[in-house]
Amino acid sequence: MTYQMGRRALLCAVAAFGLASSAMAGGHQVVDSIHFLIPGGAGGGWDGTARGTGEALTGAGLVGTASYENMSGGGGGKAIGYLIENADSNHGTLMVNSTPIVIRSLTGVFPQSFRDLTLVAGTIGDYAALVVAADSDVQDVSGLIDAFNADASSVAIGGGSVPGGMDHLVAAMVFQAAGADPVDMKYVPYDGGGATMAGLLSGEVQAVSTGFSEAVELAKAGEVRIIGVTADERVDAYADAPTMVEQGNDTTFVNWRGFFAAPGLPADKLAMYQDAIDKMYSTDEWEAVRARNGWVNIHNPGSDFETFLENQETVIGDLMKKLGFL
């Protein structure tokens with residue numbers, strides 16, 4: 001639903017409340033502005049999703065302006081706590097998050113869960129990938145597992161999530177599928193995808209577990225090599241990257257990403273955000289961002305998002321128990 005008001009009333013509302021508001025642009029613009037809160041560092045999947053979504057929304061004229069704030073800390077918990085504690089002054093803010101909000105709540109990294117926030121919409125899926133430096137002796141997933149089996153202490157896997165978080169979990173799934181003991185796997189956490197890739201290129205770790213979209217541009221530039229993707233088939237955004245499945249490793253996984261708002265967000269604000277995101281999917285601007293990153297459209301607004309998250313909580317919880325993380 002698109003709400004419209006006169007220019008003077010609109011300016012007064014913004015000045016008085018500092019909230020995202022409806023705007024007039026021939027009925028095309030839906031929201032005046034959105035401030036994106038990113039719970040991790042620059043260069044990670046959350047960062048790319050927020051900035052890519054803002055790029056598409058503003059480029060398509062659905063949102064007037066977009067701003068961005070990286071707030072690292074506590075495995076994402078700092079940003080969640082900030083949004084909850086300052087709810088009334090953050091009705092113009094959308095926080096990006098993904099599977100880790102489920103994982104970290106289950107493991108007690110932070111006390112909140114998705115139930116403490118306003119659920120706006122799930123928007124995309126991003127496959128996971130294992131990546132090595134371009135000059136690495138490791139050529140494929142089997143080579144990585146062989147090196148680990150020969151000397152587990154010589155193989156460290158980096159990731160942009162806390163121990164027991166999503167990147168760790170995905171790597172553990174791959175190792176377990178190959179018959180290796182994931183408990184013995186050395187995992188090194190970094191703050192976001194950018195820091196993770198820096199750790200790989202500096203030789204601190206021998207491979208990284210990361211989002212496929214975070215590795216594509218570096219792979220195209222010849223700085224890293226993607227040795228396995230958790231998709232059922234090769235992804236068009238970078239078809240040179242082999243899947244885990246085609247290498248005989250039965251690991252498939254897609255990490256959803258989506259947006260949350262402060263608790264108590266007024267219903268009309270929520271409706272505007274959801275309307276803007278819904279309209280975004282039919283724009284050329286969004287398709288350009290989606291294709292560039294190799295994302296899959298997974299649109300789950302409102303109550304559908306809640307049902308999706310509750311189901312994932314059960315599935316991920318069972319998997320983490322099986323792997324010994326819970």
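In the predicted model, the exposed residues Asp146 and Ala150 are carried on the face of helix H5 that is turned away from its buried side. The buried residues of H5, which spans residues 141-150, are Val141, Leu144, Ile145 and Phe148. Viewed down the axis of H5, these buried residues fall within an arc of 95°, and they therefore line one face of the helix. Their packing partners are strand S4 (118-133), strand S5 (156-159), helix H6 (166-177), strand S7 (207-211) and strand S8 (224-229).

The structure holds 9 aromatic pairs, among them a stacked pair formed by Phe36 and Tyr68, with 5.5 Å centre to centre and 10° between the planes. Because Phe36 lies in strand S1 (residues 31-38) and Tyr68 in strand S2 (residues 63-70), this pair ties together parts that are 32 residues apart in sequence. Phe36 counts as buried, at 1% relative accessibility, whereas Tyr68 is partly exposed, with a relative accessible area of 28%.

An edge-to-face pair is formed by Trp256 and Phe308, with 6.2 Å centre to centre and 85° between the planes. Trp256 lies in strand S9 (residues 254-261) and Phe308 in helix H11 (residues 302-323), so that the pair ties together parts that are 52 residues apart in sequence. Trp256 counts as buried, at 2% relative accessibility, while Phe308 is partly exposed, with a relative accessible area of 27%. Together with Phe260 and Phe305, Trp256 and Phe308 form one aromatic cluster.

At least two residues of the lining are supplied by each of helix H2 (45-59), helix H4 (100-106), H6, helix H7 (192-201), S7 and S9, and H7 gives the most, with 3 residues. The lining of the largest pocket divides into 7 nonpolar, 18 polar and 5 charged residues.

For the second largest pocket, the volume is about 280 Å³, and of the 20 residues that line this pocket, the closest to its centre are Gly43, Gly48, Ser213, Glu214 and Asn293. H2, H7, helix H8 (212-220) and helix H10 (284-293) each supply at least two residues of this lining, the largest share of which, 6 residues, comes from H2. The residues lining the second largest pocket divide into 4 nonpolar, 10 polar and 6 charged.

Methods
Residues numbered from 1 in each chain as written. Predicted model: local features only at pLDDT ≥ 70, side-chain atom pairs only at ≥ 80, totals over all residues. Heavy atoms only, no water. Buried < 20%, exposed > 50% of the residue type's maximum accessible area, 1.4 Å probe, protein only. Helix = DSSP H or I, 4+ residues; strand = E, 2+ residues; numbered from the N terminus. Arc of directions from axis to C-beta. Contact = heavy atoms within 4.5 Å. Phe/Tyr/Trp six-rings, centres within 6.5 Å; stacked < 30°, edge-to-face > 60°. Nonpolar A, V, L, I, M, F, W, Y, C, P; charged D, E, K, R; others polar. 1 Å grid on protein atoms, 1.4 Å probe; cavity = no way out; pocket = protein on both sides within 12 Å on 5 of 7 lines; lining within 4 Å. Points joined across faces, edges and corners; volume = space filled by probe spheres on them.
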